[in-house]
Amino acid sequence: MSFRVFCLNTLCVSSLLAGIAEGVFFPGYVQAEDIKPSHKPVHAPLSDTKQPSAGQTKKTIQGQNKQTTDTVAAKQEDLVVKASRSNRMYVTNGGDLGVLGHKKGLDVPFNIRSYNSSLILNQQSQTLGDVLLNDPTVRTTMGYGNYAQLFQIRGFTLYGDDIAIDGLYGVTPRQLVSPQLYDSVQVLNGASAFLNGAAPGGSAIGGNVNLIPKRAASTDITRVTGDYTSSGQGGGAFDLSRRFGKDRAYGFRFNAAGMDGETPIKGERHDDIALGGSFDWHNDDTRINMNMNYQKQQVFGGRSAIIVSSLATDMPTPKATSSSKNWGQRWAYTDLSYLFGTLNIEHDFGEHITTYAKFGAQSGNEMGNYATTTLSNSRTGDGSVGAMADAYNVMNEATQAGVRAHVNTGFIKHEINAGGSAIWEESDAAYAMSLVGESGNIYHPTQFTPNETFAGGNLRNPGRVSWNKLYSLFLSDTMTFWHDRIALTGGFRYQDILSDSYNYGSGSLLSHYNASAFSPVIGLVVHPVKNVALYFNRIQGLSAGTTVGSTYVNAGQTFAPYQSTQYEVGAKYDVGRFSAGVAFFQTSMPYGMTEPYGDTGESIYTQSGKQRNRGMELTFNGEILRGLRFNGGLTLIDAKQVHTAGGEYNGKTVIGVPNYTINGNLEYDVPFVKGLTLVGRVVSTGKQQFNNVNSAHLPAWSRFDLGARYTFLVHNKPLTARFEVDNVGNQRYWASVYQSDLVMGDPQTFKFSVSADL
């Protein structure tokens, strides 16, 4: 065999080995006998062709093998680095601002952040509250009686009814939300009646949350995840994303997630299922996306909040019991099923005009039997436990349509937004409850059989109890000038709120509400230098007024919608990999209250109550040093009761609003172990007043979470293993007493998961 053929064979073998190592067989591989002879004969004289020695041949093979091994190792390391990077905690400034569309945070006079899906995956978040635990401006608590999560932003309530999807209210599951279906969770701090319209639940005064469903990514995804959470919850998830067709114009994504088992709270069990499918298509002018989702969450033997509003003012705060203690009843449960989805269409008429339309709908069925403890003695833990069965069905629809136009008038650029929105909500409900509560104790709970003898409606066939309709029209103009350094936004939304309530069982009309209001906005952004913005806004929150009941002298009177007013100034810094912001705000919110009607001994209902919240928010997120990332910040709040009945509580702090909240999330990529990331989180909450007179308060508390994740290859496929311990010290603390509902903090929890990208 000649030197030429021998070398060609050697090179081919080396190439073949490299191809096999990469999982690819090179189509250009050539057999020795297929090579055409050159102008020299194959059997040339020895004087013309120098033959290599055996040692030289061995060295050649070893060198080529080493080069192949190094190439494979480099490519494997690159796979690990890319997979690790896709797992990072990303928090970006910006998101969907309703009327104004999707905007960068640096360009708008509002404070908005978006938490990405990798954060949700890495932390094994099972509820929306788990995700918002990362936000320094949000605190999660529980609603009255059931296991629903509600949120506190800037000291004001955000109900689950008022969480939005794709900017549409009324579509989201209203008690518990499975976050595995969403690509990002967006938090907007501040009122938003102009941006998103009045929230149908009457909250969202201090901020709102918008969910963006997962859609087909630019690169294909096939991800399988298995997870475990103490003390006995097992589950998993599947994520499939594909783009296909000419120019990859079509996209499809499917997500499935579930978990079942006992939680760290003794005797409490959760069973969760979430399914989501989305489809999208685009060309040069048109974009269409649609998603359909199903969510089912069940809680058995759950631990509910404790009602403390009936305690005497001289009663102290109850002593925190074991964080895994459960004073709930074994028969208590909730069963929540929702089918919901959205459809978005956008079309560009040239470069300057875009029209859009959004549609959303939800069908929800809720069943539950709840045990609620009302505390009567905070020293001994004594109280009464009530029982109430409930059936609640919702059928909601929402739509929004508008046009965005970009025009110039001289040196001023205009972005004009105009359009309208509508929400229709029908609720059917029935209940059965016990008239007399059973004796109970939160430190020494006992079990009993519920005796629910007083009923309203038929639990098997709930009747209509409410029918709400919200219509609005909006118009705004954002003017940009001075080389895009100044942007001034002005606009308004006209909102009409109609609400009918019906008698349980009989279905007769109890009250009718029909009122309207204008919600103006003004915002200013100034860029003194690149990557820095100073901003100001004046914006309002809006919720339905009150139709006065029959027990007051002004029975039947219908009040105009409650309009809260917010003023905010702040500054932002954003260089892409790192951003920071500071905001100072004041929000005044009116509310209804009862006052004496002269000397008649009767009462009158008014809307003259007032709460004023002032505060500061400081937020940071991004890469501090190479491989070291941080997300978190600080919020200071002074929430005061300004005008109360008879002036009794004027100047007192609002119940359950902490004077400060701090969050800090750290991620560190260990440089000497490729694929290894250490994570840590601290959540700290200041003291919260326990009653209106401020004679007792919850002490400040802090919680620490630690964990790690490691990305490695198996058959050239990246796998990521995660381990986390929440509440490392298993600290006992009362997390919240918002709206006089006392909530225990979560116990120590171990989490483990493995994801494979196939």
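## Overall surface and make-up

The protein has an accessible surface of about 33500 Å², and carbon and sulfur atoms hold 59% of that area. Accessible areas here follow the Shrake-Rupley method with a 1.4 Å probe, and for residues only the protein chains shown count as cover. This is a predicted model, in which local features need pLDDT of at least 70, side-chain atom pairs count only at pLDDT 80 or more, and totals for chains, interfaces and linings use all residues. Residues are numbered from 1 along each chain as its sequence is written, and side-chain values use heavy atoms, with hydrogens and water left out.

You will find five helices and 38 strands, taken as DSSP runs (helices H or I of at least four residues, strands E of at least two) and numbered from the N terminus. Of the 758 residues, 52% are buried, meaning under 20% relative accessible area; exposed is over 50%, and partly exposed lies in between (1.4 Å probe, protein chains only). Among contacts with a separation of 6 or more, 68% join residues 24 or more positions apart; a contact means heavy atoms within 4.5 Å.

## A nonpolar patch

Let's turn to the surface. V407, I416, L473, L475, F492, Y494 and F518 make up a nonpolar patch with about 590 Å² of accessible area together. Two strands, β22 (463-481) and β23 (486-502), each give two or more residues to this patch. Patch members have over 30% relative accessible area and no salt bridge, and nonpolar side chains (Val, Leu, Ile, Met, Phe, Trp, Tyr) are joined within 5 Å, whereas like charges are joined within 9 Å.

F492 sits in β23 and is partly exposed, at 32% relative accessible area.

D428 belongs to strand β19 (residues 412-433). This residue is buried but has no salt bridge, a term for a side-chain nitrogen of Lys or Arg within 4 Å of a carboxyl oxygen of Asp or Glu. R464 is its nearest side chain of opposite charge, 5.0 Å away, with Lys and Arg counted as positive, Asp and Glu as negative, and His and the chain ends not counted.

The backbone nitrogen of R464, however, is 3.5 Å from a polar atom of the D428 side chain. Leaving out residues up to four places away in sequence, D428 touches A391, Y392, N393, P462, G463, R464 and V465.

## Around K296

K296 is part of strand β14 (residues 286-300). Its side chain makes a polar contact of 3.1 Å with that of S337. Such a contact is a pair of N or O atoms within 3.5 Å; within protein, one must be able to donate a hydrogen and the other to accept it, and residues adjacent in sequence count only if both atoms are side-chain atoms.

Beyond residues up to four places away in sequence, K296 touches D271, D272, I273, D335, L336 and S337.
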